[in-house]
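Here are a few exercises to work through with the model open in your viewer. Try each one before you read its solution.

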Amino acid sequence: MLENYLPIPILLVMSVLQMSVVSRIQMNNGSADLILLSVAVWGILDKKRSVFFWAFFGGIFISFISAMPIFTPIIPYIFTALLTQFFQQRIWQAPIISIVVVVFFGTLFQHAFSFFVLLLNGLELEWLTAIQAVSLPSIFLNYLFLLPVFVLINDIHKWITKEENYD
């Protein structure tokens with residue numbers, strides 16, 4: 001039951017860190033997304049479906065602090081949660097590989113979806129320039145921040161689940 005309420009304070013802190021600290025670390029125009037990383041790591045580690053709470057609350061927090069149209073960030077985080085459920089069932093012995101793949105495709109989907117929403121709102125974008133200047137640097141920065149987020153979320157997951165050891 002705690003897994004359902006846990007994402008609220010954690011993702012609130014992550015969103016504040018993302019907007020105040022991590023957004024200042026940029027490469028070209030790309031930046032890391034701590035919420036996406038948190039959703040990806042929790043989804044791979046947790047055997048339950050509480051990752052969808054993480055995705056929903058993370059999308060809500062980011063939708064209030066970003067310049068994107070309201071509730072637009074929720075869909076990419078839900079997509080990332082679905083990816084984690086897909087990979088969790090297939091590559092269960094190598095969670096690091098699963099997380100690397102999920103972060104890659106989750107970031108690509110997030111940027112493609114954001115570009116599509118911006119195109120619908122009348123903003124003209126060049127896809128190649130956007131991929132080179134925003135998406136690829138964001139993927140790199142997400143991988144740069146993946147290990148610290150993995151360690152933090154893994155410790156929180158172990159603290160919450162307290163799996164019994166039957167050795």
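**Exercise 1: helix H5 and its neighbours**

Task: find out which helices the buried residues of H5 pack against.

Solution. Start with the partners: the buried residues of H5 pack against helix H3 (34–45), helix H4 (51–65) and helix H6 (95–120). Helices here are DSSP runs of H or I with at least four residues, strands are runs of E with at least two, and both are numbered from the N terminus. Contact means heavy atoms within 4.5 Å.

A word on the ground rules. This is a predicted model, where local features need pLDDT of at least 70 and side-chain atom pairs count only at pLDDT 80 or more, while totals for chains, interfaces and linings use all residues. Residues are numbered from 1 along each chain as its sequence is written, and side-chain values use heavy atoms, with hydrogens and water left out.

Next, list the residues on the H5 side: Ile74, Pro76, Tyr77, Thr80, Ala81, Leu83, Thr84, Gln85, Phe87 and Gln88 are buried. Buried means under 20% relative accessible area, exposed over 50% and partly exposed in between, with a 1.4 Å probe and protein chains only. An α-helix has 3.6 residues a turn, so residues three or four places apart point the same way.

**Exercise 2: check the span of H6**

Task: work out what span the 26 residues of H6 should have, and compare it with the model.

Solution. The expected span is 1.5 Å times one less than the number of residues. After H6 comes Gly122, with a positive phi near 95°.

**Exercise 3: zoom out**

Task: say how many helices and strands the protein has, and in what order they run.

Solution. Count 7 helices and 2 strands. From the N terminus on, the order is α-α-β-β-α-α-α-α-α. To finish, buried residues make up 47% of the 167 residues.
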